[in-house]
Amino acid sequence: MFRGLLSFFRTKTGNAPAEVPPVAKVAVPDVGRPDVGRPESQTYLRHRPILDREQRVVAYELTVERHRALHAHQWQATSRKLFGDVLLWQFAQARLDALLMQRLVFLPVGIGIIDHPALASLPRRNVVLQIAWHDEGSPGSPSTLLAGMTRLRELGFSLACAHDLMDGDDGLAALADYVTVDVGQMAPPDLLDVQRRLSGRHQQKPLMAMNVDFIEMYHACRKMRFGYFHGDFISCSEEAEGNVDLPPYKVAAMELLNAIRRQANHDELAEKAWSDPTLVLRLLRVVNSPAIRLRAPISDLKQAITYLGYDELYRWVTLLLFSSHRPEDRQPMENAWRETALVRGRFMEVLAAGRLNTLECSQLFVVGVLSMIDKLFRMSMQHAVEKFTLPPEVSNALLNHQGKFAGYLELALACESGDQASIETLAADCGFDLNAVNRCQIEALEWVLGFTEAAEELARDAG
């Protein structure tokens, strides 16, 4: 375990990020609107996590976000096909090999994809073509859809299909590996009726609840037969008010983080870690993992701390903070929160490399990671931040969204919401274009997969 993670944790904060193939600009043809027909138009490649019933991030949906003006005008069908085409080109050129090794990727497209020139270059492993709309043929004549899905299966692709497109057609259902339901467009009684009908007709097909935007909606879908969940509910999870008592393990990790941040000597760091023996065992397991490639095992904590160094030690302890070692201490969304927080932190750090100094890049990573600490600790951000020893710039960004780090945090949050207009504005304010944002998001996502794999390994060992 941990094999191959050395490159992730040996990356020094503030250095230039590892070279990532750039996401190329895509020439967007004119569809009748002046804001669409710009040559070399840039688009943002958005990723949204998909959770399974154990609340683990098992997949991502990738989309190309449309400009606000395209969402409701008369060219809706044309623009939808246009941006579906752009998605395929972006995905084909992004080279997300590391992501596809560990996660499924869902690409929402129309059945017209069958004629797309980028289709042949798409990888097959862990790629699911999500048939989300069908503009060819009338809704009552699904023959074009059936022929297209049949051809895509023959080409080796896995498929997901929107339930309303299948409309009870057993032939279409047989071709789909997943059935998607846009729950965000349904009233609760209608959703329950759809779920019952799908459960009765397609018992072996995994049901995916799409656009679950509220935690109450997530709980309702989970009580039904849905096996996968997609939407903004992850960042809208319940938050306890007040100052909640933390488990001893999290207290020990938090105090160790504070000591690392102020560059305490190794004797003090070891003393902080020993306040919870489980934390010590996990740190020794990290340093003795195959990724570190020691000639001889290290059994002394201070020697392990010396070997890791402050930067790597801080990142590993941050990971451990998001990984409870007792089942009763684990939060339902803990895995999803950890992955989201680490993507934010790494994205901000990589984006600022070369523009801010080493210390500031390190602090940006902290801002991103701690931006979800209120959910992990089940308390307000104000109370959560008070438990850490943080520089004023970090606290100001977390509590007030102000200061020199605030723009980077706002940009990271905008990338998650997918508002391209806001992303363009915030990126420009920070001195970047959408190509740089795409490149850094991809680098951050793939880098974090190493963190996540290690955290899950540690959780299994503790459990």
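How many residues of strand E3 are buried? The answer is 7 of the 7, so E3 is largely enclosed by the rest of the structure. The legends below take that strand and several other spots in turn.

A word on the model first: it is predicted, so local features need pLDDT of at least 70 and side-chain atom pairs count only at pLDDT 80 or more, while totals for chains, interfaces and linings use all residues. Numbering starts from 1 along each chain as its sequence is written, and side-chain values use heavy atoms, with hydrogens and water left out.

**View 1. The barrel and its strand order.**
Here 8 strands close into a barrel, running E1-E2-E3-E4-E5-E6-E7-E8, with mixed pairing. Neighbouring strands of this sheet are turned by 30° against each other on average, direction ignored. Helices (H or I, at least four residues) and strands (E, at least two) are DSSP runs, numbered from the N terminus. Two strands pair if DSSP finds at least two bridges between them. Axes are lines fitted to C-alpha atoms, for helices over the stretch in contact, and angles run from 0 to 180 degrees between N-to-C directions.

**View 2. Strand E3 and its two partners.**
On one side of E3 sit Leu104, Phe106, Pro108 and Gly110, on the other Val105, Leu107 and Val109, and all of them are buried. Buried means under 20% relative accessible area, exposed over 50%, and partly exposed in between (1.4 Å probe, protein chains only). In a regular strand the side chains alternate between the two faces of the sheet. E2 (residues 57–64) and E3 (residues 104–110) pair in the parallel sense over 3 bridges. Across that pairing, Ala59 stands opposite Leu104, and Glu61 has Phe106 as its bridge partner. E4 (residues 127–133) also runs parallel to E3, joined to it by 6 bridges; there Phe106 stands opposite Val128.

**View 3. Leu51, a buried residue in E1.**
Leu51 belongs to strand E1 and, at 0% relative accessibility, counts as buried. Phe229 is 178 residues away from Leu51 in sequence, yet the two are 5.2 Å apart in space, C-alpha to C-alpha. Leaving aside neighbours within four places in sequence, the contacts of Leu51 include Val57, Val58, Tyr228, Phe229, Met333 and Ala336. Contact means heavy atoms within 4.5 Å.

**View 4. Two loop residues with positive phi.**
Most residues other than glycine have a negative phi, and most peptide bonds are trans. Gln55, in the loop between E1 (45–52) and E2, has a positive phi near 65°. At 13% relative accessibility, Gln55 counts as buried. Asn211 lies in the loop between E7 and helix H8 (215–223), and its phi is also positive, at about 60°. Asn211 is partly exposed, with a relative accessible area of 24%.

H7 (residues 188–201) lies across E6 (178–182), E7 (207–210) and E8 (226–230). Relative to E6, H7 runs at about 170°.

**View 5. Where H11 meets H12.**
The axes of H11 (residues 277–287) and H12 (residues 301–321) come within 10 Å and cross at roughly 105°. The two helices are therefore roughly perpendicular to each other (angles under 35 degrees count as roughly parallel, over 145 as roughly antiparallel, 65 to 115 as roughly perpendicular and the rest as oblique). Among the residues that meet are Leu279, Arg282 and Leu283 in H11 and Tyr307, Trp316 and Leu320 in H12. By class, the contact of H11 with H12 has 14 nonpolar, no polar and 1 charged residues. Ala, Val, Leu, Ile, Met, Phe, Trp, Tyr, Cys and Pro count as nonpolar, Asp, Glu, Lys and Arg as charged, and the others, Gly among them, as polar.

At 1.5 Å a residue, the 12 residues of H18 (residues 406–417) should span 16 Å, and the end C-alpha atoms are 17 Å apart, which agrees. That expected span is 1.5 Å times one less than the number of residues. Buried residues in H18 include Ala406, Tyr408, Leu411 and Cys415. Just after H18, Gly418 takes a positive phi of about 80°. Cys430 sits in H19 (residues 420–430) and counts as buried at 15% relative accessibility. Not counting residues up to four places away in sequence, Cys430 touches Arg355, Gly407 and Tyr408. Cys430 and Arg355 are 75 residues apart in sequence and 9.8 Å apart in space, C-alpha to C-alpha.
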